[in-house]
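Dear colleague,

Please find below the structure that I am handing over to you, with my notes after it.

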Amino acid sequence: MIRDTKVNSLLRSPRIRLKADVSEITEMLTRFSQFVVDFPEVEEVDINPIIVSKRKFYAVDARMILAKHAKKGFEHLAIMPRERR
């Protein structure tokens, strides 16, 4: 899915000194997704920009809005996770 985005062309641009590895970006997004699943209090997150440096990711600026009352289960998610077997 990342390869189908406009950001992918930027990641592959010769102007970028350190080319980002799609598998590392996928790992970062997966971990962040798990964070949102684990903490239903998180209502909204804005992270901009994220800097990639030597296989590490840095959030330069972030804003998070928390709900006063967390929803139960997976009600807070736009996409439901698969059930673990």
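Predicted model: local features only at pLDDT ≥ 70, side-chain atom pairs only at ≥ 80, totals over all residues.

Residues are numbered from 1 along each chain as its sequence is written, and side-chain values use heavy atoms, with hydrogens and water left out.

The structure contains two aromatic pairs (rings of Phe, Tyr and Trp, the last by its six-membered ring, with centres within 6.5 Å; planes under 30 degrees apart are stacked, over 60 edge-to-face, the rest tilted). Phe 35 and Phe 39 have ring centres 5.2 Å apart and planes at 40°, so this pair is tilted. Phe 32, Phe 35 and Phe 39 are linked by ring pairs into a cluster. Phe 35 is partly exposed, at 29% relative accessible area (buried is under 20%, exposed over 50%, partly exposed in between, with a 1.4 Å probe and protein chains only).

The largest pocket holds about 700 Å³ of space (a pocket is an open set of points on a 1 Å grid over the protein atoms alone, where a 1.4 Å probe fits, with protein on both sides within 12 Å along at least five of seven lines; lining residues have an atom within 4 Å of a point; the volume is the space filled by probe spheres set on the points, which are joined across faces, edges and corners). Of its 22 lining residues, those closest to the centre are Thr 30, Phe 32, Ser 33, Gln 34 and Val 37.

Kind regards
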